[in-house]
Each structure stands twice: as structure tokens, then as C-alpha cells.
Amino acid sequence: MSPTCLLPPVIALVFSPLLLGVINRTKARFAGRAGAPLHQPYHDLLKLLRKGAVYSRTTTWLFRAGPVVGLGAMLAASALVPFGGLGAPLAFEGDLLVLAGLLALARFVTVNAALDTGSSFEGMGASREVQFSALAEPALFLGLASMARETGAVSLGAIFASLSAHPWAESGLAPLLAAVALAIVFLAENARIPVDDPNTHLELTMIHEVMVLDHSGPDFALIQYGAALKLWLLGSLVVGMLLPVGPGSAPAGVALAGGGMIALAVLTGVVESVMARLRLLRVPQLLVGAGALSSLALVLAFV
Amino acid sequence: MTSPLTLHNGETCAAGEVPLLAAAEFREEVLQAVEGGRRIAALFGRPAGGDRVRLAAVLANGAEGTLALTSADVEKSFHSLTPDCPQAHLFEREIAEQFGLVPEGHPWMKPVRFPRGGAAVTDFFRVRGEEVHEVAVGPVHAGVIEPGHFRFQCHGEEVFHLEISLGYQHRGVERAMIEGREARRIHLIETLAGDTSIGHAMAYARAMEALSGARVPARAQALRGIALELERLANHTGDLAALANDVGYLPTASYGGRIRGDFLNLTALLCGSRFGRGLVRPGGVRFDLDPTRAAELVERLDAATRDVGEAVNLLWETPSVMARFEETGSISREVCEQLGLVGPAARACGVGRDVRHEFPYGIYRFFQIPMSTWETGDVFARAHVRWLEIQRSIPFIREQVKALPEGPARADAAHPLEAGRLCVSLVEGWRGEICHVAMTDAAGRLAAYKIVDPSFHNWTGLAMALRGQQISDFPLCNKSFNLSYCGHDL
């Protein structure tokens, strides 16, 4: 195990809030505003960490465990995802299943914490989150499965390495379909438009944000940081598939992947600027569509 | 049975001329009038000595442009109109709350504004059953908005029933109008609903002018028309931007918010206040428009017109926005008629209801603005009617500024109010029909002042629009009505 394998998690930990800064800046530009500085999310996190937390008397340890376990799961996940040709510190056969499992664990504890408050808002948010993730998970799994089949590898690092070795022309349509499906999952899982609106103050329309309404101070900072990491990790899966970099190509590979991440953030900002949110009823259709694309990718991978 | 007294908008009559019927006749009279196409513009009570309360109804007929007045004395209780005439429901609850009368047979008797303290101690309608859950929102909200309490009875994401409970901003405006100092009145009126300063001030000024027999110069009438339409422009633009914001569509949300400010600044150009405070006064307007500022107003209006067109048309051209607006929060024409909705909300249901047309007053007697209606009754219709009205108001303002009548902007001397007179003053504010009823006593003092803000008619419309809708669409429906809390609470 080379020491460079520690780089992907370090890069994720350091740069993930920057991604939010880029998205917000893009949206501000579309709205005709100068926008907050790119490093604003870091300040926000520090501000929250300095604050005190308020706990409702009706909550139990489940409520307090939510942010901690959630962030823990994301930290563990960051050790699984390779970046720009650098292998991950924890790479083994089947690590992609563990990645999906860790995402699910983070969601499980967040939903539990939300239900623990007993608030009707949070219950509503939890119900929406679970409903939509039940549709997003198959898309993620099938997309990863199609890549595993396509490349004959069952570890993220090996999949990306193999993708870069086989140029897109050879591997055909399957990686493209899977990448599109993953991009939709990326938007849905990170509570972005068209699925959720991260900026709204309207509790009744929220999905993810309404679940964490009762968290405050450091707890909320952990949640925000966990969300930034999730954005980074899912984003690096999408970028890893669209801009595959072979092992040992650092630092050019890391630069390419970093550029890809920035481009993805800008693209997310553009999507949020030019379209309205979907009606909540229509969200499942979008996610099932992503699942269908993943399935098609899997079928094509078998051909 | 005497026939009811009919008046025109802004006309006065002797207070004694209003027919005084027996309670049963009064009820019959109102029901027949509503069946015959009239609408309850106001229904209110005032003390009539002893335990008696005099109920008075103002029944508007848009086709004829007349307002029928009738009254009756009641004691302790009266037979409720609501079972046969749903639009009376909130008025009767208000009367019951103010005078302790019992409207017998009222299907949902509870206070409107809780003036005797003890807010939110009432029952709410509840749907029972497995998987039915209740969501309570407010009165403290996540945004900087007015307080109101909303109870949703939901099945999953679907709303079965919404009950709206207001009254948190009740400050006793109607009472202060009568008991307070005269000089304070205009300020109470201008802040009655902060976004409708011009509309309410105009209704008040016209009532006072009618009661004192003052004559308003033509120039003042034109300037009031300009101010009223500017208020409409600013609020409609702000509403369209807020609708875009609620569906997460940034371009119109950001630019619309800025352009709303441009329109507000035009009002500031007229009188120094962005919300038109201090402009309208009984007898005319306090600030004349000199040619330099008139030219600047037209120039800046033209610039804002270009911008608002670009920003708003993006909404109709973006499929994801239209998918949210269309078929959300629909109200049928029948429900609209039954509830007596007013303003853009009614016009969006295809009901041609506009005071500027039906009961023309002031400048609108000489210059008409085409009425804008739409048929579908959904969020899109309410948004689109606003856009149509924006497009109609701009040429009107331009025309008025260019051809301002010569002469003073305010009548010379203030006249005292005539004794024992009554006047009904209607104005089409940007939210809809504003109705002020003023009455003087034998000494020429204000004896009764009744205010009906358009929101009072329309809040029930919002509750009905939510039936069978997704709870996540509530903010969007709410914004499409954009009703006033303080205008309702008075």
C-alpha cells in the first residue's frame, strides 16, 4: 500500500465544501449577483461548530447519534472511493457494495433521528427520503453492477483503472448510460434541484432539509459536512466514469479529476438555475428512469 | 316588504334611508339577492341600543354596477345565512365574535380573530382514520412572513382538508377609526395592509370626500389612478417572482424581485415613499407631479417594462415551471361564485369581477383598463392573470402621465362630514375588491367604519384550492393567492 492512497480521502475531506461554494457561486452568477465567496461553506461550518446545540426534551440518544454516525459513515466511505488514478486506502473486492451500504447507513440514522423528534414535518421528510431512496438505490446498484460486468472487476479502483484502459469507443454505450443514471442519483441523493431545493425555507416542500430542521450547532455542522462529503463522493463516481484516469498518472490524473469535479459542480449550478423543481409526485418517475438507464447499461454490458 | 336601497360606488344616502327589516325578512332579502346575482361585499353589525345589534348587508351587483343595502335588528341570536349562502360564513363568525350573537345553524362556528385573548384555543376540523395525519404549520414560520396557523388533514402526501386560523395581528383598526383621533385615521388606513397603502387610502379618501361633499380635482384623480396601478405593478411583479422562487426557478425569482423594486421606486418618485404612504389624502393627493418628474417616470417605466417582460416570459417558456403551475390548486367557477372570491383569484376562474369595470370610480370612469381573465382557475391562471394585468396597467399609466389634466392636485379646503350619512366606497386594489363602509352620526362624527379587505373573501378560496392537492404544493398555492394576514385581522 503506497502512501499516495491516503490522498483521495484527504482531498475529499479538504475540498468537499468547496464544491458547494462553486455551485452557489454559479447560481448567484445566473441570478445576476456576485455571490458568496467560494470558501463561504467553510466559514459556515466553523460558525456552526462554535455554536451551542439545542435538544428537544422529546428526543433520545437516537437524535444525537444521527449526525455522528452519519458523518462516520461518510468518513468511512471516503476511504473507499479512488480519485484521479490514485487508489483508495481501502480497496477490496466488493467495496462498491460497502460504499452503497455506508450511504444507506447514513440515511438510516438520519431518518431515525428525524423520526425521534416526533415532529410532523420531520416525519414527512423521513417518509419522502425513504420513498425516494428506495428508488435511487437500485439505480446506483445496477449502474455499479453494469460497470463491474463491463470491466470484469468488482472493486471501484479496478473498475476505473479498467475503464481508462479501454477507451470509451470500445466499451460502448454502457458506461455512458450508467454515468447518466449515476448523475441523476447524484442530484437526488444530494437534495439538489430538480428533486429537492436546498435553498428553500418552505418546510412543506423539503425532503432532506426538513429531516434535519431540529439539529443545531455542532450537530448541524456534522450533518452539513457529511452532506458535502456525500456530494464529493457521489460526484467523484460520476467524474471517475466520464473521465477515467489510469493508475499511476498522478499528478495529471488528479488535476483532471479535480477539474472534472469543478465542472460537475458548475453543471449542477447551471441545472439549478435553468429549471424549476419537479412536482414531488414526478420525482419517482425521474428516479425510475435512472433505474431503467442503469438496467439497460447492465443488459448492454452482458452483450 | 320594502325594496332594498341601491347606491352606486361612492354615493351617499341618509343613514335612515336604509330599509330596516325584520330578521327573517332580512335573511330572505339577502338570500334572494345572492340568488339573483348579487354578492355579499360586506355584512356587519353595529350596536343599536340595549342588547340589540343592527346587521347591515352590502350586496354588490357587478352587471348593474349597484350596491344594495339592507338591515335588520337582532338580539341574542339570528338564523344563519351560511347554510344557504356559503359566502356569508366568515362575516357571520365575525359578527358572532364581536357581539356575542349566535348565528343559529352556522355549520362551523368559531372565532375569526380572537379579540378577547386566548388565541388558538378553538377546535379544528379533524379527519379521523388510519394513516390520516395532521400537520400543523405556524403561526411562527421559517421565513420572514406574517403569522397564520394552518392545519392540514393529510393522507400521505394528499391534503384532505386545510383549515386556516388567523387573527394574530388583530389590532382593532375599525374601533380605532371611530374612537381614535381623526388625524390618526389616514395612518391607520395606510398601514392596514402595508402592501395596499394606496388602495385602502383611496377607499378611505373617497368615503370621506363623499360624506363631506368635497369635489376632487381631475388632476388628483389621475394621479391616484397612476399610484394605484403602480402599486398593482409592483405587487404583481413581486408575486410572479415569488412564485418562481417557490418552484426553485432562479432567473425570474431574482430579476423579478429587483424589478418589483423598480416599480416601488416609481411610487417613491411620486411621493417619496416606496409604498405610497402620505400620497392619497381626502380631497386629492399631497404631491403633484411636475413635468420633469413625469418625464423621468415614463422613462423609468419604459425600462422596467422591458425588464419585466423578459423576466416573466421566461416562466411561460420553461416547461419545468409550467409543469408546476398547471393544474395545481384549481378552483372551479362554481366554488368561486359560491365563496364570493374577488380580484385576480376570481378573474383566474373566468369570473369577470373587477371594481374598475363594474363600479367605475375616479379616473376609471373616463379611462378603462381592459379586464383580464383566464378560465382554468389553477396556479397558472392566477399567475397569468397577474401578467395580463401588468401589461394592461403600464399603457394606462403612460397615457395618464402624458395627458395629466391641468389644475390643482388637491381641493382647497377640508369640509366637515355631513351628519347622518352613509357611504360605501369600493376600490379595486391589486388583491381585489376593497370595501369601506362609513357612517356619520347626528353630530357629523364617524359612527361606524367597516373595512373588508379582499383577503377576507379569499382565504377560504385558498383552503378550497388545497383539497386533493399534494401538501408539498401548498406554498405554491399560497403564493398564487398571496393574501394579507393583517388586512384580514384588522
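A hairpin of two residues links strand β14(B) to strand β15(B). The model described here is predicted. Eight bridges hold β14(B) and β15(B) together in an antiparallel arrangement, and one bridge pairs B:Glu428 with B:Glu433 of β15(B).

These two strands belong to an open sheet of four strands in chain B, ordered β2-β14-β15-β16 with antiparallel pairing. The edges are formed by β2 (12-14) and β16 (446-452) of chain B, each of which pairs on one side only. Neighbouring strands of the sheet are turned by 15° against each other on average, direction ignored. The pairings are listed below.

| Strand pair | Sense | Bridges | A bridge in the pair |
|---|---|---|---|
| β2(B) and β14(B) | antiparallel | three bridges | B:Ala14 with B:Arg421 |
| β14(B) and β15(B) | antiparallel | eight bridges | B:Glu428 with B:Glu433 |
| β15(B) and β16(B) | antiparallel | six bridges | B:Cys435 with B:Val452 |

Two helices of chain B pack on this sheet. Helix α5 (residues 197-212) touches β2, β14 and β15 (432-440) of chain B, and its direction makes about 155° with that of β14(B). Helix α14 (residues 454-465) touches β14, β15 and β16 of chain B, with its direction at about 135° to that of β15(B). In β15(B), nine of nine residues are buried.

In chain A, helix α8 covers residues 173-189. Its 17 residues, at 1.5 Å a residue, should span 24 Å, and the end C-alpha atoms are 24 Å apart, so the length agrees with expectation. The helix is mostly covered, with 14 of its 17 residues buried. Just after α8(A), A:Ala191 takes a positive phi of about 60°.

The two chains meet through 26 residues of chain B, which are in contact with 24 residues of chain A. On the chain B side, the elements giving two or more residues are β9 (132-137), α7 (250-271), α9 (319-325) and α15 (474-481). Strand β9(B) provides the largest share of that side, five residues. By residue class, the chain B side divides into 14 nonpolar, eight polar and four charged residues.

Technical notes: Residues are numbered from 1 along each chain as its sequence is written. Chains are lettered from A and ligands numbered from 1 in the order in which they are written. This is a predicted model: local features need pLDDT of at least 70, side-chain atom pairs count only at pLDDT 80 or more; totals for chains, interfaces and linings use all residues. Two residues are in contact if their C-beta atoms, placed from the backbone, lie within 7 Å. Ala, Val, Leu, Ile, Met, Phe, Trp, Tyr, Cys and Pro count as nonpolar, Asp, Glu, Lys and Arg as charged, and the others, Gly among them, as polar. The expected span of a helix is 1.5 Å times one less than its number of residues. A residue is buried if 20 or more other C-beta atoms lie within 10 Å of its own, exposed if 12 or fewer, and partly exposed in between; C-beta atoms are placed from the backbone. Two strands pair if DSSP finds at least two bridges between them. Axes are lines fitted to C-alpha atoms, for helices over the stretch in contact, and angles run from 0 to 180 degrees between N-to-C directions.
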